[in-house]
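Me: I have just opened this one and would like a careful walk through it. Could you take my questions as they come?

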Amino acid sequence: IADTNGKISVTIRHLQEIETGAYCCGLEDTSSFNISDVILLKVFTGTWEPIVSEISGVVGNVATVPCLYTEEEKFYKKFLCKVTSRNKCTIIASSDGAVNNLQNGSVSITINNSHNFAVTLGNINKADEGEYWCGAVTVKNIKIVQVKNLTTAEGRPNGSNDTSREVLLKIWTIFRWLLFAAMAVCSASVTCYAHFAKGPVLQASK
């Protein structure tokens, strides 16, 4: 155990798979125990090579990360975390409604049924790129069921196409009225020209 500027850290050596689980950080007094944080520890055995699914999104738009679970895992608490360092995956959202807004975007959760858990990231940017883990957890066990890799590309945010259409529609409306006005002026000019072109008829005297 180490205390660095009031921050307590615990180092566990020679990890074994049995040590996978939830760990609580807190303060204990004579009558109570106040939990300040919960750490989920997942111990991998051997070489872990997950199948990674690719997800793409446009900067400024939303990106949805779907997580699918088995019949067994539907009773687990579900979560989505983002790998932020070699040994850390920061939880973005969980099925109990807890969310962690990253950057300047927003996070929303959709649970379609017991096997489907989707997290929507709003106003995504380059900082949202990276690896995300779909997980399932009980007090004694943690499963990483899927791994997603999010990439972003520059493009028009949602609504920009509608705005462009509105601008084009306004330009076309103005152009159409100008065209009608020009046609009316041309029609009047032709009528006047035809009237004056006839003029008086001169007859030669005999």
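Predicted model: local features only at pLDDT ≥ 70, side-chain atom pairs only at ≥ 80, totals over all residues.

Me: Which residues touch the most other members in the largest nonpolar core?

Reply: Those are Leu80, Val119 and Leu121, which belong to a core of 18 residues.

Me: And which strands each supply at least two residues of this core?

Reply: Strands β6 (63-68) and β8 (88-94) do, and so do β10 (116-121) and β11 (130-137).

Me: What is Leu80 in contact with, leaving aside its neighbours within four places in sequence?

Reply: Leu80 is in contact with Val65 and Cys67, with Thr90, Ile91, Ile92 and Ala93, with Phe117 and Val119, and also with Tyr132, Trp133 and Cys134.

Me: How many residues are in the other core?

Reply: That core, which lies apart from the largest one, has 7 residues, among them Phe79, Cys81, Trp133 and Ile144.

Me: Changing topic to the backbone, what is phi of His14, and where does His14 lie?

Reply: Phi of His14 is near 55°, a positive value in a residue that is not glycine, and His14 sits in the loop that runs between β2 (7-9) and β3 (21-28).

Me: Is His14 buried or exposed?

Reply: His14 is exposed, because its relative accessible area is 75%, and the cut-off for that word is over 50%.

Me: What about Asn123?

Reply: Asn123 is also a residue other than glycine with a positive phi, near 50°, and its place is in the loop between β10 and β11. Its relative accessibility is 41%, so Asn123 counts as partly exposed.

Conventions
Residues numbered from 1 in each chain as written. Heavy atoms only, no water. Core = buried A, V, L, I, M, F, W, Y, C linked by side-chain atoms within 4.5 Å. Buried < 20%, exposed > 50% of the residue type's maximum accessible area, 1.4 Å probe, protein only. Helix = DSSP H or I, 4+ residues; strand = E, 2+ residues; numbered from the N terminus. Contact = heavy atoms within 4.5 Å.
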